[in-house]
Amino acid sequence: MFDVKVRNAVPPAGDRREEALIRVSGLRKSYDGASMILDGVNLAVSPGERVALIGSNGCGKSTLLKCLIGLHDISGGTVRTLGETFDRAPNAGQRASLRQKTGFVFQKHCLVRRRTVLSNVVHGLLGGKGSWRGFSHATALPEWRQRARDALSEVSLADKAMSRAEALSGGQQQRVAIARALVRRPQLLIADEPAASLDPVSGRKVMDLFVRLCRQHGITLVFTSHDMDHTAEFATRVVALKRGGVLFDKPAGAVQSADLEATFDGVA
Amino acid sequence: MASPDPGERASRADRAERDLPPRFRSFSPASFTLLVVGAAILIVSIGDVAPSPKQMVDGVPGFGRLVGRMMPPNLDPDFLTRIGFRIVETFQIALVGTVFGVVLSLPIAWLSARGVSPIGGFNFLFKALVSLFRTIPDLVWALLFVASVGLGAVAGTLTIMMDTIGFCGRFFAEAMEDAEKEPQEALSAIGANKLSIAIGALWPDTLPSMINSSLFALEKAVRSSVVLGLVGAGGIGQELKVAFDLFQYRNASTIILVIFLIVLAMEYVTDKLRARIQ
Ligand SMILES: Nc1ncnc2c1ncn2[C@@H]1O[C@H](COP(=O)(O)OP(=O)(O)OP(=O)(O)O)[C@@H](O)[C@H]1O
Ligand SMILES: [Mg+2]
């Protein structure tokens, strides 16, 4: 217990009930109505935290991320994210507000390959006012173009603005995806295995970039990863999922190898 | 040890054969009946429509005589000029019909593509529409348009348009269904509407394949615009019909040669263009 307090910069979420950015209680999720992928997940994330979700393949990490922001309907329990409380599914207004305040980065292939890098970043602003001309940088509002260019500078890719997305390396593409997520100035960034398809060096660069930008802009980060070095180094907290529930929820520094063994051990 | 006598070897082989699956699938009475009925239909049909041996024997010299009367092709400059204008008209019908058809195919394909369509499960309505356009043969379309808008090139253009929608509507929709899902999902998660996703992600991904299909459509259009004139829908086919109606076989052979050349040229050009985008 003492150990936890010393290492943990952010107090446990329970102490800051009112301030939680995300609060999930008793979340259940089933795709087919029969098998529960998530069965009673409780989780609270405070502003400024960087939470890593871990667990074996198919345990429901991606599912949980999508439920957090209402991309999937939930089968039970309640979710409150960024002040929007919903069970089942957010209503249209909540959905719009959640999308406005959240950025996503997926594992791979999430860019439009034959379009320029700049157009891809401009896409991050779709859904807001001026969307009807936001499908390409060439037609977008001047303000959209500027914001996209600024976001690209933040990921050090301003010089690649006019390259086709497919001409970039995997690491660069992932940085474009980060720029696309950042361009709307989100409060919350959700990343599903952002480094999984990258080589160790590029993967580390991408994670470094996440941490730097999240610190700089005060963005809360929730990400999944199968790389335990990444979770130890880049997260402030690690949440392990197993058999539909939370196996442990600890400050990153307090995770022992026994915890990891228990997480990945003997899953049917 | 002495080798087993032949009789015993045979019976062992018999036993082994029994354990194996049968060599031939057994023939059920139902499939035997079907076979007999099928054979009967074929034999009756041959009797009704196939050329009789006498017709074959008479036909070959008959065809030979016709070819003889077609030679040499008529190369009279006045006639060639008239044909030249008809060729231009044929191309215009093919080109305009294809372009209109391709443009109309875009929204129709989008509405009909499974998993992409903005109208969800109602996409089958547009799928059915495209199938309908495709299954009606072009000469039937031409007859319909000649009857409704009158003789001439406009009827031909409308025919090619319908044909192109039947063809491109299907292949565009398939390209859209096969397009990469991840970028579309990413944009949808961002909050983009269906139209933004279609223009921002679907269009760039499917464009090469759609250009390819459009070039095939153009090639096909040139081939069918050549015969549309037979039912009065404009183009070179009209001249061909006149030539046969008036027994001007030397004119007919010129026209057939010209048709052959333009179709060949068209295939060459579209092949080259296709190689370009690949
Ligand atoms: N859209 C869907 N429809 C039906 N079942 C799904 C869907 N998405 C995921 N599942 C199922 O839900 C379970 C959890 O999947 P999920 O993708 O959340 O796992 P994960 O923890 O992200 O795994 P991984 O580490 O492999 O990414 C899996 O059994 C999967 O087959
Ligand atoms: Mg996953």
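Chain A has nine helices and ten strands, where helices (H or I, at least four residues) and strands (E, at least two) are DSSP runs numbered from the N terminus. Please keep in mind that this is a predicted model, in which local features need pLDDT of at least 70, side-chain atom pairs count only at pLDDT 80 or more, and totals for chains, interfaces and linings use all residues. Residues are numbered from 1 along each chain as its sequence is written, chains are lettered from A and ligands numbered from 1 in the order in which they are written, and side-chain values use heavy atoms, with hydrogens and water left out.

Let me turn to the overall form of chain A. Its C-alpha atoms fill a box of roughly 55 × 40 × 35 Å along the principal axes. The radius of gyration, taken over C-alpha atoms, is compared with a globule rule of 2.2 Å times the number of residues to the power 0.38; for 268 residues a compact globule would come out near 18 Å, and the 19 Å of chain A agrees with that. Of those 268 residues, 52% are buried, meaning under 20% relative accessible area, with exposed being over 50% and partly exposed in between (1.4 Å probe, protein chains only). If we take contacts, that is, heavy atoms within 4.5 Å, and keep those with a separation of 6 or more in chain A, residues 24 or more positions apart account for 63% of them.

Now, the cysteines. A disulfide is a covalent bond between the sulfur atoms of two cysteines, and here it is counted as a pair of cysteine sulfur atoms within 2.5 Å. By this rule the count over all chains is zero. Cys67(A), for instance, is in no disulfide, and the nearest cysteine sulfur, in Cys59(A), lies 13 Å away; Cys67(A) counts as buried because its relative accessibility is 0%.

Finally, one residue in chain B. Val130(B) sits in helix α5 of that chain, residues 123-135, and is buried, with a relative accessible area of 4%. Leaving aside neighbours within four places in sequence, Val130(B) is in contact with Ile108(B), Ile165(B), Gly166(B), Gly169(B) and Arg170(B). As for Gly166(B), it is 36 residues from Val130(B) along the chain, yet their C-alpha atoms are separated by 5.0 Å.
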